[in-house]
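Here is a short report on one protein model. Keep the sequence and the 3D view open as you read.

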Amino acid sequence: ELETAAEYLEEALTVARAHGKAPVTVDGLNALAHVRVTQRDYQAAQEYYEEAGAVLAEYDLLEETVQHLAGRGRLALVQGEYAAAGLLYRDAVAMTRQTGDRLERGRALIGQALALHEAGYDDEAGQRLVEALEEGLSVDLHPVLLDAVSVAAGRYASERDFAYAAQLAAFVQRHQASTAETKQRSAALLADVTPHLSSEALERIWPDESVDIASVARRLIADLTPVIEKSTEQVYVVDSQTLIEPLSERELQVLRLVAEGRSNREIGRELHIALGTVKSHLHRIFQKLNVQSRRQAAVRSQDLKLL
């Protein structure tokens with residue numbers, strides 16, 4: 001009942017603002033943004049997040065900041081801005097080391113895994129997924145574990161292991177601790193993979209109810225860990241002449257405009273991309289060039305004759 005929820009949240013915000021309660025104000029804005037994302041009203045969600053960000057800029061509210069970063073990550077994710085989403089979730093994960101909030105850490109790791117997977121970085125996505133599963137197992141967080149399992153199901157579906165993907169999705173669908181959002185993701189996945197399965201395979205996807213979430217999580221960790229261990233090389237190392245991972249065409253376009261002294265907003269307008277996307281491109285450029293600033297990036301691009 002999203003509109004009713006929004007009405008209560010608006011009322012709570014009115015009270016919080018009237019009494020100068022910054023934490024409650026940010027909580028309300030983050031929650032309203034979450035509702036609007038669920039309703040696919042992304043413009044309204046962005047406005048709520050911007051207002052929350054303005055409040056957070058004035059107060060040191062760590063827990064609210066983690067939720068804010070994760071919420072913005074979700075908004076970027078559903079809009080297809082995977083690089084920006086990954087960076088936002090990464091920052092949320094980093095801040096949970098200060099707050100000690102295991103639930104938010106697990107959720108942020110899952111969001112980061114989704115963003116990395118959609119961006120094509122499957123090894124890194126698998127690593128975040130294993131970390132989320134281990135986090136959930138360490139304190140028996142069933143909603144986190146089930147969300148991670150649903151993401152893993154999507155990973156196996158993309159690898160065309162439709163039977164295993166369907167088994168995982170069906171397990172999540174049946175489990176009583178699955179959230180509505182997790183069940184929705186699993187239902188969509190089941191609808192996608194079902195046409196690829198034989199009638200016999202379909203009969204086998206529904207798990208024995210005696211199977212517990214911890215066993216499923218441990219099996220996934222065992223399955224994913226060897227794959228991750230094959231890809232531990234740092235790909236952004238640069239020597240005096242060579243990039244181990246080259247810049248993409250879009251990154252070269254951004255770098256060229258940086259070298260011309262353009263601001264982030266000017267780059268966004270020139271290339272018709274969002275400000276957050278510009279920032280995510282810059283982050284990757286800095287990593288690949290092993291630099292810390294725009295000026296250093298411009299100098300390094302001349303040394304490597306990139307432009």
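## A starting point

Leaving aside neighbours within four places in sequence, which residues is valine 149 in contact with (contact means heavy atoms within 4.5 Å)? They are Leu168, Val172, Ile213, Val216 and Leu220.

This is a predicted model, in which local features need pLDDT of at least 70, side-chain atom pairs count only at pLDDT 80 or more, and totals for chains, interfaces and linings use all residues. Residues are numbered from 1 along each chain as its sequence is written, and side-chain values use heavy atoms, with hydrogens and water left out.

## Helix H8

Helix H8 covers residues 142–158. Helices here are DSSP runs of H or I with at least four residues, numbered from the N terminus. H8 has 17 residues and reaches 25 Å from its first C-alpha to its last. That is close to the 24 Å expected at 1.5 Å a residue; the expected span is 1.5 Å times one less than the number of residues.

H8 is mostly covered, with 13 of its 17 residues buried. Buried means under 20% relative accessible area, with a 1.4 Å probe and protein chains only. After H8 comes arginine 160, with a positive phi near 65°.

## The nonpolar cores

A nonpolar core is a set of buried Ala, Val, Leu, Ile, Met, Phe, Trp, Tyr and Cys residues joined through side-chain atoms within 4.5 Å. The largest one has 54 residues. Leu129, Leu133, Val149, Tyr156, Leu168 and Leu220 touch the most other members. H8 gives this core its largest share, 10 residues.

A second, separate core has 18 residues, including Val26, Tyr49, Leu61 and Leu75. In soluble globular proteins, nonpolar side chains tend to be buried together.

## The cavity

A cavity is a set of points on a 1 Å grid over the protein atoms alone where a 1.4 Å probe fits but cannot get out. The whole structure has one cavity of 30 Å³ or more. The largest cavity has a volume of about 40 Å³, the space filled by probe spheres set on the grid points, which are joined across faces, edges and corners.

Lining residues have an atom within 4 Å of a point. Here they are Ala113, His117, Ala125, Leu129, Val151, Gly154 and Arg155. The largest share, three residues, comes from H8.

Terms used:
Helices (H or I, at least four residues) and strands (E, at least two) are DSSP runs, numbered from the N terminus. Buried means under 20% relative accessible area, exposed over 50%, partly exposed in between (1.4 Å probe, protein chains only). Contact means heavy atoms within 4.5 Å. On a 1 Å grid over the protein atoms alone, a cavity is a set of points where a 1.4 Å probe fits but cannot get out, and a pocket is an open set with protein on both sides within 12 Å along at least five of seven lines; lining residues have an atom within 4 Å of a point.
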